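This report describes a model in terms of symmetry, core packing and selected contacts. Please consider the sequence and the structure together.

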Protein chains: 2
Amino acid sequence: MAHADAVESMLRALLDDRPRDGEVARPSGLLQAIRHGALGGGKRLRPFLLLESAALFGATGTAPLRVAAALECIHCYSLIHDDLPAMDDDDMRRGRPTVHRAFDEATAILAGDSLLTYAFDVIASEETELPAERRVELVTRLARAAGLGGMAGGQFLDLAAERETPGEDGILRLQAMKTGALIRFACEAGAIVGQASPADRERLAEFGSAIGLAFQLADDLLDLTSDAATLGKAAGKDAAAGKATLAGLHGIEWTRRQLSGLMDQANDLLRPFGEAGTMLRTAARFVIERDH
Amino acid sequence: MAHADAVESMLRALLDDRPRDGEVARPSGLLQAIRHGALGGGKRLRPFLLLESAALFGATGTAPLRVAAALECIHCYSLIHDDLPAMDDDDMRRGRPTVHRAFDEATAILAGDSLLTYAFDVIASEETELPAERRVELVTRLARAAGLGGMAGGQFLDLAAERETPGEDGILRLQAMKTGALIRFACEAGAIVGQASPADRERLAEFGSAIGLAFQLADDLLDLTSDAATLGKAAGKDAAAGKATLAGLHGIEWTRRQLSGLMDQANDLLRPFGEAGTMLRTAARFVIERDH
């Protein structure tokens, strides 16, 4: 996948050891941990959605690529912190030790903090070759998608859900925050970078919301139906952990119907773009039908 | 101190429970932890320096106040994360339990992440009543002062220094990153908000660097000379922890001479502003002569 390679190269270039103007030095031990958490892995789904959304409006090159790399920094920071012993306590990620296992907890906390901080530098920098108005807008939207009213707030609710099971509305809100907000941002940000009209921007954001919800439902479904060999983790893990999911609440058939409805909705939202929307349609199908 | 009250009010308003456009919801439990870490305490030194630096160039009102509040969000996030068991492992802060003691570790990590993220929203938002060019510049400078080449990198070096004692250059670099970068930013940001000339902006940044270094030296000196009652923590704690400081390396007299030299340097840098620089001169003296 060409996008994933381009994002990897951009991340590698951004995470070199040369201090940028305003930085004192980049400590090599910290940089190593950051690279461990950000390079060489992952499906790069969010960057893909961002790059394809931008391409829909004719935007290619440095600007969308830097914003996509910044978004991936945010995603990777969240994985590093979520894996910590005080959170989900995971030892392995993408077939490698998690950052706090390969280094130590303090380093993992600081690597996550650094990636989160760096994301905003990468977007706001004039190297991002966008008018300042677009850059501040992207910073604001990303901060809201990632912060207390978005991803971080969603992770908080997810941890709380282990103690007190939320109802259907609660699960929907939790998921819209924890995984939905960043996927929605990916699609909306592509439209912002591509200087899309307000109507098209809203259309892409809605597409992102549909994909985000589908992503979560597909994940729940996998947990219910896969055997451990296909999934690469213990199947039925959510139920065993007492974690309420929509799929668990309504069953496999209901979830499949929902996914099919979301695919229809995604197709409807992309219809005005005709042939140009093919890659995003394919991405939607990939998210909905994935089996691992 | 009027500034501290204004910053407290601004932080309180920013940390209300109303989700902003682009946020789904603000979970009350997380918000409570964030408020615990950000409200009702601290000297608010960095906001003070920012507000007085801005005032030097005639900038008052919403713009400098929002940037000052954002800076304080970054400072408070760093305290929350630094206090964690995996880092400095502190139970008390400002006479109250630290966030991970009052809540739990996962909540403290997420509260810090949220404050860090929110800082960039607060600056980038159009409510900050600055041209977009100034807002992106502030985002970039703050990210570089706080991230892997600034404060977070400095905290990493500080933890590493407990295992391998750095030399004098190493200590200077560590301190310029860990405490210096954000204090330098405070003064430079005031000049940016105040649309100062490049020369004046550099002058303020240099003033900030001098204050930052003085802040650290005064801290080291306090550790060497105070009794526990004045300091509110165990005196000689640095030496006991095997932590190398410039004051420890060169002694009390050398440190006093350095502080006096930094006060002269600060005064020289402020001379062109005449009477208008009085408050910043007083702040410099406060930093250098503080005994707690």
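The model is predicted: local features require pLDDT of at least 70 and side-chain atom pairs pLDDT 80 or more, whereas totals for chains, interfaces and linings use all residues. Residues are numbered from 1 along each chain as its sequence is written, chains are lettered from A and ligands numbered from 1 in the order in which they are written, and side-chain values use heavy atoms, leaving out hydrogens and water.

**Symmetry.** Chain A is superposed on chain B by a rotation of 180° with 0.0 Å of shift along its axis, at an RMSD of 0.0 Å (least squares on C-alpha atoms of residues with pLDDT of at least 70 in both copies). This is the relation of a two-fold axis. Both copies use the same surface, since 100% of the contact residues of chain A recur in chain B (contact means heavy atoms within 4.5 Å).

**Core.** The largest nonpolar core holds 192 residues, of which A:Leu49, A:Ile74, A:Phe207, B:Leu49, B:Ile74 and B:Phe207 touch the most other members. Such a core is a set of buried Ala, Val, Leu, Ile, Met, Phe, Trp, Tyr and Cys residues joined through side-chain atoms within 4.5 Å. Apart from neighbours within four places in sequence, A:Phe207 contacts A:Leu49, A:Cys187, A:Ala266, A:Leu269, A:Leu270, A:Leu280 and A:Ala284.

**Helix pair.** Helices α8 (residues 151-161) and α9 (residues 168-193) of chain A pack at an angle of about 140°, with axes 7 Å apart. Helices here are DSSP runs (H or I, at least four residues) numbered from the N terminus; axes are lines fitted to C-alpha atoms over the stretch in contact, with angles from 0 to 180 degrees between N-to-C directions. The residues of this contact comprise six nonpolar, three polar and two charged (Ala, Val, Leu, Ile, Met, Phe, Trp, Tyr, Cys and Pro count as nonpolar, Asp, Glu, Lys and Arg as charged, and the others, Gly among them, as polar).

**Two residues of chain B.** B:Leu142 lies in helix α7 (residues 132-146) of chain B, and B:Ile252 in helix α14 (residues 252-270) of chain B. Buried means under 20% relative accessible area, exposed over 50%, and partly exposed in between, with a 1.4 Å probe and protein chains only.

| Residue | Burial | Relative accessible area |
|---|---|---|
| B:Leu142 | buried | 0% |

Leaving aside neighbours within four places in sequence, B:Leu142 contacts B:Leu71, B:Ile74, B:Phe120, B:Ile123, B:Leu182 and B:Phe185.
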